[in-house]
Protein chains: 2
Amino acid sequence: MSGKKKRQVAPDAGLSKQRVVMEAIRIADREGVHGLSMRRLAGALGAGAMSLYYYVANKEELLDAMIDIVFEEIELPPAETDWQSAMRRRAASTRQVLARHPWAISLMESRTSPGPANLRHREAVTACLRGAGFSVLMATHANWLLDSYVYGFALQEASLPFDTADELANMTEDVYLPQLPPDEFPYLNESAAALVAAGYDPAEEFIFGLGLILGALEPLRASA
Amino acid sequence: MSGKKKRQVAPDAGLSKQRVVMEAIRIADREGVHGLSMRRLAGALGAGAMSLYYYVANKEELLDAMIDIVFEEIELPPAETDWQSAMRRRAASTRQVLARHPWAISLMESRTSPGPANLRHREAVTACLRGAGFSVLMATHANWLLDSYVYGFALQEASLPFDTADELANMTEDVYLPQLPPDEFPYLNESAAALVAAGYDPAEEFIFGLGLILGALEPLRASA
DNA sequence: TCGTACAGTGTACGACGTACGGTGTACGAA
DNA sequence: TTCGTACACCGTACGTCGTACACTGTACGA
């Protein structure tokens, strides 16, 4: 199946699976998965819609390929540091990448079989944990726990309607609070007020939960 | 706007927003959001497609309404127990409900404004945490952390291609392992083997991570 | 010169969301 | 009894979607 002979062509002329998937990601980043249609994608590549089907079997396969490219962007846990720093690095990278491609999160639910980049990532993380002294069972637990946190955080962050602290303050005062009668929602009012007063940084919030989880995992490894 | 006079009708004749949304959920549960179209929904209700637009402005609003019904199904943290038990109860309920309606998770990403049931849930959780002695700031942290974990877990669980332990064993042996050359993925092979040997229960996995998080949060409250 | 594989296309079909302009029925007022 | 109005609902039509199918031109090995 592999080892196709390629005719020599100008390096960026013509289509390729790579180019198709990349452009698809660019469109999805700009307008969401909803804005990604085969015709639009083909148009952006200067091709006819049906040409795409030479490179992908169908749209599902295109989406799978897009997801896997996203996973390729995620930094693997570096080998030269302690396990906590390594986990911090890869978790932060995951959050960043998923924030850049929010559509990827909602796609994950429906795509059941992990792509190669996904597998490589899992392998590297598991290796790091096992190397740090976690048992097979405990490494599995840690994997689930950490991934749940990172994906869940990304999911929540993606559904936030604002990107900056200013926008947050505006949104909270103009849209959010009017929906929250203080007698019915005293605690949400309290915390909304505190958020507006103190400012709010998702990155900090992320670090907090991550640190707490890592700290709680630490005593569960059998330090060699 | 409110206070419409309803003509008296046989109680289950004719449509209603309630009936429309409920049937939509039933279809989505059975066949995923992908299988939910206005025409199919109308057909299932014995109505014409355009009739639905009397009750919902458009499909987006329908999806919003569906999500909020899902949130209504989630148990609020009970008031009469300690905060950890309360959080366990509502987290377990959330996981169950999201497992019952997997489509809801992928919808959450794109729906930016929380519905009333969602708000009531947040209020109750925040009240519980504040009552347990967490500061405003710490309650916010705990909220993000717990929700991230629960949603992320549900997201991962939804993308598992199996429902029972037997299916897991079969899937792992027949589909998963053949994709994993042992020299390239030694650790994933190791953990896959361990999983098949020991059996695997998502509910247990969920409890583990949740317990770890709750335990780590415990010392962060100012016990009154 | 020719057969074959590659790379890409045009047309067409059924399904989708929904704008628009209906229709019948029940009710309050006259 | 009549009639205007609001309600609940629907048929048709438009543009867009994914993609099956049959097609074309080009480059290469023989």
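Let's start with polar contacts between the two domains of chain A: across the interface of domain 1 and domain 2 of chain A there are 2 residue pairs in polar contact, both residues at pLDDT 80 or more. A polar contact here is a pair of N or O atoms within 3.5 Å; within protein, one must be able to donate a hydrogen and the other to accept it, and residues adjacent in sequence count only if both atoms are side-chain atoms. Salt bridges across that interface number 0, where a salt bridge means a side-chain nitrogen of Lys or Arg within 4 Å of a carboxyl oxygen of Asp or Glu.

A word on what you are looking at. This is a predicted model, in which local features need pLDDT of at least 70, side-chain atom pairs count only at pLDDT 80 or more, and totals for chains, interfaces and linings use all residues. Residues are numbered from 1 along each chain as written, chains are lettered from A and ligands numbered from 1 in written order, and side-chain values use heavy atoms, with hydrogens and water left out.

Back to chain A. Domain 1 covers 17-56 and domain 2 covers 70-220, with bounds from an automatic or database domain assignment. Their C-alpha centres lie 29 Å apart. Each domain brings 4 residues to the contact, meaning heavy atoms within 4.5 Å. Together the domains bury about 400 Å²; buried area is the accessible area (1.4 Å probe) that two parts lose on being put together, summed over both. On the domain 1 side, Ile25(A), Asp29(A) and Val33(A) lose the most area, together 86% of what that side buries.

Now, what happens between chain A and chain B? The area buried there is about 5,100 Å², with carbon and sulfur atoms giving 71%. The contact takes 56 residues from chain A and 56 from chain B. Between these chains there are 18 residue pairs in polar contact, both at pLDDT 80 or more, and 2 salt bridges.

Which helix gives the most to the side of chain A that touches chain B? That is α7(A), with 16 residues. Helices here are DSSP runs (H or I, at least four residues), as strands are (E, at least two), numbered from the N terminus.
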